[in-house]
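Colleague: Could you walk me through this model before I set anything up with it?

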Amino acid sequence: MNFPAELSYTQDHEWIRIEEDGTAVVGITDFAQQELGDIVFIDVTTVGESLGKGDVFGSVEAVKTVNDLFLPIEGEVLEINAEIEKSPELVNSDPYGRGWLIRVKPADASQTDDLLTADAYKELVGA
């Protein structure tokens, strides 16, 4: 499994990366996509909405299950990755690259300070 050190992680298995322009990119971890299995649909209906940290921003549907997706920080959901709408399997094949889920405008970028580091996340999932 892959746990990029430059990302922050949540206990709900999302990752977040703050971009140079101040926006944040959010996805699910390699561990999460492996646990879910083949992902067939990503449902995000919150584009344009401001949500709180921990709020549900959408769901991911795999062959055998549907799971909620939780926002790691407070902010406005700016966009969904158009590529995953057409090819949700990108979340399985490239969860930290082309398989990202949403872009968010954070209410405060320092909110990532209390998220997990890659090492802490590895410990959480027993890797």
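**Surface patch and salt bridges**

Modeller: V40, F41 and V63 form a nonpolar surface patch, with about 270 Å² of accessible area together. Patch residues have over 30% relative accessible area and no salt bridge, with nonpolar side chains joined within 5 Å and like charges within 9 Å. This is a predicted model, where local features need pLDDT of at least 70 and side-chain atom pairs count only at pLDDT 80 or more, while totals for chains, interfaces and linings use all residues. Residues are numbered from 1 along each chain as its sequence is written, and side-chain values use heavy atoms, leaving out hydrogens and water.

Colleague: Where is V40, then?

Modeller: V40 sits in strand β4, residues 39-43, and V40 counts as partly exposed at 42% relative accessibility (buried is under 20%, exposed over 50%, partly exposed in between, with a 1.4 Å probe and protein chains only).

Colleague: Switching topic, how many salt bridges are there in the whole structure?

Modeller: A search of the whole structure finds 5, each being a side-chain nitrogen of Lys or Arg within 4 Å of a carboxyl oxygen of Asp or Glu. One of them joins K53 and D114, at 2.6 Å from N to O. K53 lies in the loop between β5 and β6 and D114 in the loop between β9 and α4, so the pair ties together parts that are 61 residues apart in sequence.

Colleague: And is D114 buried or exposed?

Modeller: D114 is exposed, with a relative accessible area of 57%, whereas K53 is partly exposed at 39%.

Definitions and conventions:
Areas by Shrake-Rupley, 256 points an atom, 1.4 Å probe, with all protein chains shown as cover. Helix = DSSP H or I, 4+ residues; strand = E, 2+ residues; numbered from the N terminus.
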